Amino acid sequence: MVNPVHLKTLLEVTRLGSFSAAAARLGYTASAVSQQMSALEREAGVILFQRSARSVVPTEAAVVMSRHAAKVLTDIEALMAAAAKTQGSKSQELRLGIFPSLATYVLPRILKNPAWKDLGIDLRVSVAEPSQTIQGLRSGGDLDVGLVFQVGQSGLAWPQTINRQWIGDDNFRVVLPAGWGFGPEAKVAADHLSELPWIMHHPGSPDAVVIDRLFAGCNLHPRVVARSDDFHASLEMAAAGLGAALVPELALRNRPAGVVVLDVPEVRLARNVFALVLNEKKTARVQLFVDLLAETLAGLGTAGK
C-alpha cells in the first residue's frame, strides 16, 4: 500500500525540482526525502526520477502520479475529518509501549507537533524493551499499541490478533574514539577494525546473535574489552577511548564529543521499527498517530549528517 507521507513528499519534489528544496520545505533531510522516493518507486513499480549528481528530473510517471496524489491526499484529509466528527470532542485513550531511544528522540517531537493536538488522543506511555512491550499487548494486557524494533530475523514474536506496520529503519553505525586517528565518515574496510578493542552486546540476546554473525561474515573478529546493552554507556566509553562500538543512529543524535562515525561498507544492519496495534484499537485516530510517527522518524534523517 502506498504511504500518503510519500505522496506528500512526491508533490513537493516535483513542484520544487529537488530533494534538498523539498526537504527544507517539509523539515526533512535530503537523504530522508531520497529514501522516501526510493520507497515510493518500489511500492509503485515505476521509476519516478532521473537522478544525476546535480539534479533530479521527474519522469512522466512522476508527473502523472503527482496529479492523482493531490486528489488522493485531499480525499484522505476529508475522510479523517469526517471520522473525527463522528467521535465529537471525546478523546480516545491510547496505552502506548515504546522502546527507550524512540521515546527519547521521536515521541517528544510528536507531542510538540501542532498536528498532535488535533488527534484527540489521551496518551498513556510505558517505556520498555520490545519483548516486555509485546507481553503487554497480549490478551488481557495493559497496552493498546507497541512500538518495537527487530534486528534481522531476531526472535521476536507477537499474537496473530496484532496488526503490524513498518514505520522505518534505525541503521547501525560504527563509532570509534576520535583519538584513534580516523576522520569522520572515513570509509574503512571491516577487517581493518578486527584487532581493535570493541564494546559489544552481552552474548545470548537475539540482537547479539545477529551482530556476531554479521561480524563473522565480514571477517571482523573483535577483541572485546567491554559488554554493554546500553548504547549511551557504549558511546561514553568509546568517547573515553576504551573501544569501538556498533550504535544505532537514534542513539547517535546525542553522541558525546570524542567519537567519530565511520562508513564500513560490509557492516550494514538496521533495527526495523514496527508499530504493533491490537486489531480492536485500530481506529482512524490511531492510524494517524502511526503515520505521524513514521513521518517524524523519516524526518530525523541520518544521524551522522
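Entry 1, a charged pair. I looked up aspartate 144 and arginine 95, and their side chains meet in a salt bridge at 2.7 Å, N to O. My cut-off for a salt bridge is a side-chain nitrogen of Lys or Arg within 4 Å of a carboxyl oxygen of Asp or Glu. This pair links distant parts of the chain, 49 residues apart: aspartate 144 sits in the loop between α8 (130-137) and β5 (145-151), arginine 95 in strand β3. Helices (H or I, at least four residues) and strands (E, at least two) are DSSP runs, numbered from the N terminus. Aspartate 144 counts as buried at 1% relative accessibility, while arginine 95 is partly exposed at 26%. For me, buried is under 20% relative accessible area, exposed is over 50%, and partly exposed is in between (1.4 Å probe, protein chains only).

Note on the source. This is a predicted model, so I keep to its limits: local features need pLDDT of at least 70, side-chain atom pairs count only at pLDDT 80 or more, and totals for chains, interfaces and linings use all residues. Residues are numbered from 1 along each chain as its sequence is written, and side-chain values use heavy atoms, with hydrogens and water left out.

I find 9 of them in the structure. Arginine 124 and glutamate 93 make one at 4.0 Å, N to O. Arginine 124 lies in strand β4 (residues 121-127) and glutamate 93 in strand β3 (residues 92-98), so this pair ties together parts 31 residues apart in sequence. Both ends are partly exposed: arginine 124 has a relative accessible area of 41%, and glutamate 93 has 41%.

I also checked glutamate 12 and arginine 15, whose side chains meet at 2.7 Å, N to O. Both lie in helix α1 (residues 4-16), 3 residues apart, about one turn of the helix. Glutamate 12 is buried at 12%, but arginine 15 is exposed at 52%.

Which of its residues are buried? I get Phe231, Ser234, Leu235 and Ala238. They sit on the same side of α10 because they cover an arc of only 100° around the axis, the arc being that of the directions from the helix axis to the C-beta atoms. Those buried residues pack against β6 (162-177), β7 (197-200), β9 (244-248), α11 (249-252), β10 (259-262) and β11 (270-278); contact here means heavy atoms within 4.5 Å.

After α10 comes glycine 241, with a positive phi near 95°.

I found valine 264 in the loop between β10 and β11, and it is buried, with a relative accessible area of 2%. Leaving out residues up to four places away in sequence, valine 264 touches Val174, Val188, Ala189, Ala190 and Leu193. Valine 264 and leucine 193 are 71 residues apart along the chain, yet their C-alpha atoms are separated by 9.5 Å.
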